[in-house]
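Hello,

Here is the structure we talked about. Please open it first, then read the notes below.

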Amino acid sequence: MSNLVIVESPAKAKTIKKYLGPGYEVVASMGHIRDLPKSKLGVDVEHGFKPDYVEMKDKKDLISSLKKQAKKSDRVFLATDPDREGEAISWHLAYLLGLPLEEANRVTFNEITRGGVQNGMAHPRTINIDLVNAQQARRILDRLVGYKLSPFLWKKVRRGLSAGRVQSVTVRLICDREEEIRAFVPEEYWTIDAKLLAAGSRTPFAAKFYGTPDEKIDLKTKEQTDAVLAALGGAAFTVGTVKKGVRRRNPAPPFSTSTLQQEASRKLGFQARRTMKAAQELYEGVEVAGMGAVGLITYMRTDSLRVSDEAQADAARYIGETFGADYLPPSKRVYKSKSNAQDGHEAIRPTMVEMSPDRVRDSLTSDQYKLYKLIWERFLASQMAAALYNTVAADIHAAGYLFKASGFSVKFDGFTVLYEESRDDSEEAAGRLPAFETGDTLTLKDLSGNQHFTQPPARYTEASLIKTLEENGIGRPSTYAPTITTILTRGYIEREQKALKPTILGEVTTKLMEEQFPNIVDVGFTASMEKSLDEVEEGKKDWVATLDDFYQDFSATLERAEKNMEGTRVKIPDEQTDIICEKCGRPMVIRIGRYGKFLACSGFPECTNTKRLVEDTGGICPKCGGRIVVKKAKSGRTFYGCENYPNCDFMTWDKPLEEKCPQCGSTLFKKSGRGARIHCLKAGCGYEREVGKE
């Protein structure tokens with residue numbers, strides 16, 4: 001018997017070949033082999049939205065080779081990725097290779113291990129046409145929006161722009177957040193903080209002003225705060241009610257695609273694209289010393305939190321042997337997926353829990369290791385016992401006012417012995433409280449009133465944006481990374497450290513879209529379209545009817561927009577600067593050209609002076625003494641380099657500071673994230689200190 005198995009990538013082919021052995025030839029299609037043509041719409045909107053698929057030009061030789069191999073094989077198995085897109089690729093392969101759709105030749109692997117591959121091969125099925133139609137509908141929908149809207153934007157704003165069903169509403173979310181920040185009016189408020197000492201204790205603890213025993217008092221002004229401080233002068237601080245309890249904290253569920261991207265952003269500083277690249281490699285198989293090619297994680301595009309019974313049993317055995325029986329929960333943990341989750345796959349987990357990160361570290365790249373460690377620890381922690389904390393909350397009375405203090409101590413570390421989920425918002429950590437009882441008198445060590453102002457909402461980071469997209473049902477796990485990459489590449493948004501902010505182009509385009517195509521940039525409408533595509537996948541809706549419902553309204557809106565804006569063109573405002581043109585004395589502005597931003601004289605066309613845009617940080621290069629300027633990597637991430645490049649190759653991700661090194665006088669730099677510190681990069685100096693310390 002001669003069996004041909006077609007997968008998508010060579011790495012996956014190599015791993016699967018090892019498990020199938022002789023009698024099987026495993027080859028890769030290298031992704032898609034047919035698609036809509038690039039040069040035209042390629043969709044017959046008048047006749048049932050019939051797509052005009054064409055063979056991809058760079059795949060001609062590959063397709064010819066696949067046809068020859070299929071012809072001489074007794075059986076062909078289509079083993080592309082186990083999702084909507086993978087199903088569509090198998091459908092295209094079946095068409096090109098002349099394979100009957102009623103033949104059970106479709107196999108899927110949730111994990112690329114011996115057991116996963118053998119199980120998949122033992123259960124071939126026919127191609128799921130509902131999955132294919134859902135993917136066709138999605139592809140055609142995106143093509144209609146992109147190919148109909150983009151030319152409109154070219155005519156009315158600027159050539160080279162693009163619009164998209166998911167990308168346009170994503171840009172709007174970022175623009176809306178920026179408007180919230182601009183419109184925000186800070187409000188003053190005050191707090192009163194006391195440092196108190198209990199009898200027999202050497203360490204003061206913090207207590208916060210609450211109000212009176214009957215009501216909370218919000219301090220709005222200095223005068224109000226000073227009046228309370230005056231009343232507290234010389235007052236005795238006495239312990240009132242003391243409440244003790246035990247708080248249970250359960251572990252986070254194993255990763256879905258969205259939560260993996262969020263956590264990798266927070267903990268590792270990975271952008272979504274970088275996360276998915278490493279995850280794909282871990283799924284398809286890496287060479288592990290002593291084992292050969294092996295897939296280390298399950299399929300990485302999933303929104304399900306389901307875990308197989310076998311994986312749970314393996315995890316329980318590992319936890320019991322490694323950490324002890326106390327670290328096992330009283331019953332198996334079951335996590336509920338979101339209502340719109342596609343439950344075809346498990347959550348993202350290691351394929352073999354015994355393959356600890358330390359065991360495979362030498363076989364992995366840095367990114368692969370960091371991500372695998374994150375996935376392995378998160379999964380194992382999700383199957384562990386809850387952490388228990390002894391909590392204490394005390395009411396403290398003084399001059400008729402009430403202060404509150406709280407603290408905790410770890411009773412049982414549970415899953416936190418291995419892993420703790422990070423957060424976007426910072427929680428003030430409660431410390432330990434000394435032993436005291438109701439009626440005890442406390443010694444006041446310090447009492448201060450502190451002014452604060454309310455803060456505007458934070459700009460989106462990749463992590464918080466992905467979380468918002470998921471919560472609003474916009475896009476799907478596989479679309480988050482490419483969507484963010486697209487809107488960065490198109491210049492609609494830019495990075496400022498980890499934050500994402502709209503450009504002037506992004507705001508102008510979004511305003512136009514809101515005025516002329518409100519549905520396209522409406523969060524609710526986009527989410528409802530996503531739901532309709534899910535219903536096509538489930539066989540509940542006809543894909544052609546779904547497209548027709550959308551297109552009738554979209555076509556009418558486009559026609560109306562053309563009439564509304566006939567003869568008009570939107571001007572993109574120039575970004576003002578305080579740089580003066582050395583040729584004519586007028587201020588220079590920032591404009592966007594074919595190769596990005598540049599400085600141009602505001603007196604154009606009378607003055608045509610232009611020059612490269614350089615953002616000076618004020619820092620001095622520790623190598624050559626040149627200026628340190630802000631630069632952008634291809635990914636859009638900001639870094640800092642010497643203005644004398646390529647003659648000087650100094651670059652760093654760490655932000656230059658105005659502060660000079662106390663040892664050598666050079667510019668100091670701030671390293672953010674884990675291990676944050678301020679340090680000198682001058683060769684041979686070695687000065688560094690923790691952030692916040694002098």
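**Asn-3 and its surroundings**

Leaving aside neighbours within four places in sequence, Asn-3 touches Gly-23, Tyr-24, Glu-25, Arg-75 and Phe-77. Contact here means heavy atoms within 4.5 Å. Asn-3 sits in strand 1 (residues 3–7). Asn-3 counts as buried, because its relative accessibility is 9%. The cut-offs are under 20% relative accessible area for buried, over 50% for exposed and partly exposed in between (1.4 Å probe, protein chains only).

**What you are looking at**

This is a predicted model: local features need pLDDT of at least 70, side-chain atom pairs count only at pLDDT 80 or more, and totals for chains, interfaces and linings use all residues. Residues are numbered from 1 along each chain as its sequence is written, and side-chain values use heavy atoms, with hydrogens and water left out.

**The chain overall**

The chain has 17 helices and 30 strands. Both are DSSP runs numbered from the N terminus: helices are H or I with at least four residues, strands are E with at least two. Of the 694 residues in the chain, 48% are buried. The C-alpha atoms fill a box of roughly 95 × 80 × 55 Å, taken along the principal axes. Take the contacts between residues at least 6 apart in sequence: 66% of them join residues at least 24 apart.

**Helices**

Helix 1 (residues 10–20) packs against helix 4 (residues 114–122) at an angle of about 80 degrees, and their axes are 9 Å apart. Axes are lines fitted to C-alpha atoms, for helices over the stretch in contact, and angles run from 0 to 180 degrees between N-to-C directions. The two helices are therefore roughly perpendicular. That label covers 65 to 115 degrees; under 35 is roughly parallel, over 145 roughly antiparallel, and the rest oblique.

Which residues of helix 1 and helix 4 meet? Helix 1 brings Ile-16, Tyr-19 and Leu-20, and helix 4 brings Arg-114, Val-117, Gln-118 and Met-121. The residues of this contact divide into 5 nonpolar, 1 polar and 1 charged. Ala, Val, Leu, Ile, Met, Phe, Trp, Tyr, Cys and Pro count as nonpolar, Asp, Glu, Lys and Arg as charged, and the others, Gly among them, as polar.

**Salt bridges**

The whole structure holds 48 salt bridges. Each is a side-chain nitrogen of Lys or Arg within 4 Å of a carboxyl oxygen of Asp or Glu.

- Arg-301 pairs with Asp-81, with closest N and O atoms 3.9 Å apart. Arg-301 lies in the loop between strand 12 (292–294) and helix 10 (309–322) and Asp-81 in the loop between strand 7 (75–78) and helix 3 (84–97), so the pair ties together parts 220 residues apart in sequence. Arg-301 is partly exposed at 24%, whereas Asp-81 is buried at 5%.
- Lys-216 pairs with Asp-218, with closest N and O atoms 3.3 Å apart.
- Arg-591 pairs with Asp-574, with closest N and O atoms 3.1 Å apart.
- Arg-84, Arg-476, Asp-534 and Glu-537 are linked in a network of salt bridges.

Best wishes
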